[in-house]
Amino acid sequence: LLGERGKAVVPVFVTIDPERDTPAALADYLKLFSDRFVGLTGTAAEIAEIARHFRVYYAKVTRKGADSYLMDHSSFVYLLGPNGTVRALFGPDTTADALAAALAERLERPS
């Protein structure tokens, strides 16, 4: 929706499940969205630190009788400025049109 202006935005996905989300698994998953995504993982301690910094909730959940677990987590898109500060926060109900409009506005005012 942003056309050429969208190339100034680098979409970054940070896993909250480093146990399963290896670099190879992240690469495969992110191909489903765009080849422009950058996938980040790390140790459990590193993930916990970044989650605390951005106030992200996450927890491993194993349902009774299940063989595997799920990850419960908050779901937000953070827009960071060039200096790494949070410029905006978008909830899970944000439409593509609303997100594109907000990004376009901020791309015009990059500070």
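Reader: The charged end of which residue sits over the ring of Tyr69, 3.8 Å from its centre?

Author: That is Arg20. In general, a charge sits over a ring if NZ of Lys or CZ of Arg is within 6 Å of the ring centre and within 35 degrees of the ring normal. Lys60 also lies over the face of Tyr69, at 4.3 Å from the ring centre.

Reader: Good start! What should I know about the model itself?

Author: This is a predicted model, in which local features need pLDDT of at least 70 and side-chain atom pairs count only at pLDDT 80 or more, while totals for chains, interfaces and linings use all residues. Residues are numbered from 1 along each chain as its sequence is written, and side-chain values use heavy atoms, leaving out hydrogens and water.

Reader: How many helices and strands does the chain have?

Author: Helices (H or I, at least four residues) and strands (E, at least two) are DSSP runs, numbered from the N terminus. Here you will find 3 helices and 6 strands, in the order β-α-β-α-β-β-β-β-α from the N terminus on.

Reader: How many aromatic pairs does a search of the whole structure find?

Author: Rings of Phe, Tyr and Trp (its six-membered ring) pair if their centres lie within 6.5 Å; planes under 30 degrees apart count as stacked, over 60 as edge-to-face and the rest as tilted. The search finds 4 such pairs. One of them joins Tyr29 and Phe33 edge-to-face, 5.1 Å centre to centre with 70° between the planes. Another edge-to-face pair is Phe54 and Tyr78, at 5.3 Å centre to centre and 70° between the planes. This second pair links distant parts of the chain, with Phe54 in helix α2 (residues 44-54) and Tyr78 in strand β5 (residues 77-80), 24 residues apart.

Reader: Is Phe54 buried or exposed?

Author: Buried means under 20% relative accessible area, exposed over 50%, and partly exposed in between (1.4 Å probe, protein chains only). Phe54 counts as buried, because its relative accessibility is 18%.

Reader: Which residues form the largest nonpolar core?

Author: Such a core is a set of buried Ala, Val, Leu, Ile, Met, Phe, Trp, Tyr and Cys residues joined through side-chain atoms within 4.5 Å. The largest one has 8 residues: Leu2, Leu79, Ala88, Phe90, Ala100, Ala102, Leu103 and Ala104. Two or more residues come from each of β6 (86-90) and α3 (96-108), and α3 gives the most, with 4.
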